[in-house]
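Subject: Handing over a structure

Hi,

Here is the structure I promised to pass on to you. Please have a look at it first, and then read on for what I found.

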Amino acid sequence: MNRTLANPSPADLLARMMLIRAYEEKIVAFHAAGPFPSVCTSVGQEASAVGAVTALRSEDQILTNHRSAGHLLARGADPGRMLAEVMGRQDGYCKGRSGTLHISVKELGVVLTSTIVGGELSLAPGVALSRTMLGGSGIVACFFGDGAACEGIFHESLNLAAVWNLPILYIVENNQWQAFVHRKETMVGDHIAPWAASYGIASRTVDGNDVEAMHRAALEAAAFVRENRKPFLLEAWTYRQRGHMEPNDQSYVDPAELESWKGKDPIDRQVARLLASGALTEAEVEAMRAEARATIEAAAAFAAASPFPDVAEVGEGAYA
Ligand SMILES: Cc1ncc(C[n+]2csc(CCOP(=O)(O)OP(=O)(O)O)c2C)c(N)n1
Ligand SMILES: [Mg+2]
């Protein structure tokens with residue numbers, strides 16, 4: 001698979017979302033089969049990840065959060081190396097040192113996955129400042145959640161980005177949940193995009209479960225950041241379809257809310273659109289799903305066969 005995807009077709013966008021869903025479903029299956037490292041899945045948020053990441057260029061950099069599998073896979077990360085990382089194996093992107101929560105992939109421009117909520121917001125201005133000082137047209141995409149937006153660091157980050165004219169595309173995935181707390185309990189109003197106006201930062205909310213709308217909005221937002229060397233905040237309105245982390249627990253979730261959002265599933269919507277337009281047949285859709293699952297099965301086999309890191313190397317790759 002290409003590392004970056006220029007001008008993805010509607011079917012390309014669907015294929016990437018299916019790959020992410022298959023990856024997350026494999027994580028769920030691993031949990032069903034026995035003990036497995038805890039993972040925050042992004043089921044239901046595939047359109048946001050694919051729409052935004054495919055709007056970036058290879059020279060752009062990404063900072064992301066604990067729900068990062070979609071961002072990484074949309075960027076072209078190898079699912080085998082990702083699963084190996086989750087499983088603590090030598091062939092993982094960080095040689096099994098990071099697990100799912102700190103994964104970084106230098107060759108894909110993925111600077112950081114932060115499990116510290118808002119950590120990506122704190123580092124984005126520094127990364128963007130270095131980009132500016134080094135020159136070039138690259139921008140920094142910073143993915144974070146609605147919970148991170150409720151932290152003080154959100155305001156510090158936006159303020160610095162505005163004062164220093166930093167090329168940051170802030171992408172807040174408003175998935176309605178902040179671990180075990182609904183955002184209605186922590187936020188005034190439903191949306192985060194309007195908050196950017198306090199810093200003179202342009203912003204927009206987009207239907208984050210419509211991959212084509214998300215992609216168009218991200219292309220426009222990235223172009224704005226690239227040309228003006230100024231920040232922009234894009235809010236993806238979406239939903240976390242599973243619990244905060246695996247193994248799954250959704251006992252605190254309103255079943256009616258969950259069902260209503262499952263009815264707006266981003267993959268189902270794109271499938272329906274492409275079937276209705278005649279771009280794909282049912283058989284082609286099923287073949288795409290099967291291909292995504294086969295890719296992930298092969299990735300899982302690769303990860304399971306990868307050895308654990310050698311104890312003698314435990315000090316390598318550390319700064320201290
Ligand atoms: C600074 C900090 N506080 C609390 C936590 C525990 N925690 C992990 S994820 C999370 C919720 C984050 O919500 P949001 O930013 O909306 O991201 P989402 O999980 O919805 O993708 C919390 C509170 C943490 N990891 N870091
Ligand atoms: Mg959230």
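A word on pairing before anything else: two strands pair if DSSP finds at least two bridges between them. In E3, Ala 141 is the bridge partner of Ile 62. Please keep in mind throughout that this is a predicted model.

Let me stay with strand E3, which covers residues 140-145. Strand E1 (residues 61-65) is joined to E3 by 3 bridges, and the two run parallel. E3 also pairs with strand E4 (residues 168-174), again in the parallel sense, over 6 bridges. In that pairing, Glu 173 in E4 stands opposite Gly 145.

Is E3 enclosed or open to the outside? A residue is called buried here when 20 or more other C-beta atoms lie within 10 Å of its own. By that count 6 of the 6 residues of E3 are buried, so the strand is largely enclosed by the rest of the structure. Both of its faces are covered: one side has Val 140, Cys 142 and Phe 144, and the other has Ala 141, Phe 143 and Gly 145, all of them buried.

Gly 145 leads on to the ligand. Of the 15 residues around ligand 1, those that come nearest are Val 117, Gly 145, Gly 147, Gln 178 and Ala 179. Which elements each supply at least two residues of this shell? They are helix H6 (146-149) and strand E5 (177-178). The largest share, 3 residues, comes from H6. By type, the shell divides into 7 polar, 5 nonpolar and 3 charged residues.

Next comes helix H7 (residues 152-163). Its 12 residues should span 16 Å at 1.5 Å a residue, and the end C-alpha atoms are 17 Å apart, which agrees. The buried residues in H7 include Phe 154, Ser 157, Leu 158 and Ala 161. These four cover an arc of only 95° around the axis, which puts them on the same side of H7. The general rule behind this is that an α-helix has 3.6 residues a turn, so residues three or four places apart point the same way. Among what covers the buried residues of H7 are helix H5 (119-134), H6 and E4. On the face turned away from the buried side, H7 carries the exposed residues Gly 152 and Val 163.

Finally, some backbone points to look at. Most residues other than glycine have a negative phi, and most peptide bonds are trans. Here are the places I would show you against that background:

- Lys 95 has a positive phi near 55°. Lys 95 is found in the loop between helix H4 (79-86) and strand E2 (110-114), and with 17 other C-beta atoms within 10 Å it is partly exposed.
- Gln 176 is not a glycine, yet its phi is positive at about 75°. Gln 176 has its place in the loop between E4 and E5, and it counts as partly exposed, with 19 C-beta neighbours inside 10 Å.
- Glu 246 and Pro 247 are joined by a cis peptide bond, with omega at about 0°. Pro 247 lies in the loop between strand E8 (232-237) and helix H9 (255-262).

Happy to go through any of this with you.

Best wishes

Definitions and conventions. Residues are numbered from 1 along each chain as its sequence is written. Chains are lettered from A and ligands numbered from 1 in the order in which they are written. This is a predicted model: local features need pLDDT of at least 70, side-chain atom pairs count only at pLDDT 80 or more; totals for chains, interfaces and linings use all residues. A residue is near a molecule or strand if its C-beta atom, placed from the backbone, lies within 6 Å of it. Ala, Val, Leu, Ile, Met, Phe, Trp, Tyr, Cys and Pro count as nonpolar, Asp, Glu, Lys and Arg as charged, and the others, Gly among them, as polar. A residue is buried if 20 or more other C-beta atoms lie within 10 Å of its own, exposed if 12 or fewer, and partly exposed in between; C-beta atoms are placed from the backbone. The expected span of a helix is 1.5 Å times one less than its number of residues. The arc is that of the directions from the helix axis to the C-beta atoms. Two residues are in contact if their C-beta atoms, placed from the backbone, lie within 7 Å.
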